[in-house]
Amino acid sequence: MMNAPTLFTPLRLGAVEMPNRLLMAPLTRMRAGPGRMPTLSMAEYYTQRAKAGLIVSEATAISQQGTGCPNTPGIYTDGQIAGWEGVVKSVHMAGGRIFLQLWHMGRISHPSFQPEGGLPVAPSAIAPQSGQALTESGLQSYVTPRALETKELPGIVAQYAAAAKNAWRAGFDGVEIHNANGYLLDQFLRDGTNHREDEYGGSVENRSRLTLEVTEAVTKIWGADRVGIRFSPGGVFNDMRDSDPLATFSHVLHELNRFGLAYAHLIVSTEEDIRHGAVPVPLATLRKEFHGPLIIANGFTRMTATQALLEGVADAVAFGRLFIANPDLPHRFQLNAPLNSPDESTFYGGTEKGYTDYPALNLEFVQK
Ligand SMILES: Cc1cc2nc3c(=O)[nH]c(=O)nc-3n(C[C@H](O)[C@H](O)[C@H](O)COP(=O)(O)O)c2cc1C
């Protein structure tokens, strides 16, 4: 029998050979330059973290319509592609691998970001009941979005396809479809935000349709073995709800088997999340529905991640906040070395402070 895997057992995700099972989770840091172009500082930040088995980039807008947050990068202009090309080259030179996370915010946007100041688009004209839009001029109330017409949906799929092609031009190793956290694809999937009466609403088959069409379009460009997808089955962030999340996410994960994706990536609900309204969705059931490699994230430590791999509940673990604070996280985990603490005040926006200035392990400690 094979030994149980640890965080340092190599793993193949589709076409990608990972030297370890620690992924850097996608992390919005709001430090892109003018025109949503990636900067040199972003290249430095990702390169510092190149020892991750795989880096998943921060959520990146697939079109202007998909934007809705200041200083987040895009992948729909030549300048953005060129900026990302610099990031990817630098990560590759350091021996790393990086996927781009494809993002359309749907109703979480605001007219100030939209072409001609129009309304954000969504499956149905339902505004989020909690939270506020973060605009260039500070927090503002969400507006009621415009429900996309059925005939507009091929255009949404085309935005994902164009962005996937641009990611390929920029030299990425693959892409992750952002279907989590209450953004456009999640809004279509769940019945709290999708009240449509066409073939994209109602039954779980219909609510999964856009996800599956986007996945098909993106896999046509990349090959399925370089495409992953992320979900947050129990998440309530961005005022999300579903009458039966286990049924919804079981169905979509099962249907995704037809593609043979590189991986599915699930944000699990922690006990603390559940105390704050998240829904417990049994991971073991979801794991059975999806036959490819499974990545889990949310609140993991070296100990709990090692335990999860040992028990076989997932194949790899993504770390967010610990990777923000510890550029050399795999190295620190390997040595069971102390960790830097993340500074929440510098998560979103700002300078190199809290971005590229977290120290790597002190060599004196290693040599002692
Ligand atoms: C600052 C910050 C930015 C985030 N941005 C994204 C994002 O762009 N895309 C995404 O799918 N999740 C995003 N997340 C969620 C993380 O990927 C991850 O699931 C979460 O931080 C929980 O993992 P952790 O406990 O290891 O930090 C973000 C989280 C944080 C703290």
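Strand 4 (residues 54–61) pairs with strand 5 (residues 98–103) in the parallel sense, over five bridges; strands and helices here are DSSP runs numbered from the N terminus (strands E, at least two residues; helices H or I, at least four), and pairing takes at least two DSSP bridges between two strands. This is a predicted model, where local features need pLDDT of at least 70, side-chain atom pairs count only at pLDDT 80 or more, and totals for chains, interfaces and linings use all residues. Residues are numbered from 1 along each chain as its sequence is written, and side-chain values use heavy atoms, leaving out hydrogens and water.

**The barrel**
- Eight strands form a closed barrel in the order 3-4-5-10-11-12-13-14, with parallel pairing.
- Leu-102 in strand 5 is the bridge partner of Thr-60.

**Salt bridges**
- The whole structure holds 12 salt bridges (a side-chain nitrogen of Lys or Arg within 4 Å of a carboxyl oxygen of Asp or Glu).
- Asp-198 and Arg-196 make one of 2.7 Å, N to O, and both are buried (under 20% relative accessible area, with exposed over 50% and partly exposed in between, using a 1.4 Å probe and protein chains only).
- Asp-239 and Arg-241 meet at 2.8 Å, N to O; Asp-239 is buried at 13% relative accessibility, while Arg-241 is partly exposed at 48%.

**Around Lys-353**
- Look for Lys-353 in the loop between helix 11 (329–335) and helix 12 (363–367).
- Beyond its neighbours within four places in sequence, Lys-353 contacts Arg-31, Asp-343 and Thr-346 (heavy atoms within 4.5 Å).
- The C-alpha atoms of Lys-353 and Asp-343 are 9.7 Å apart.
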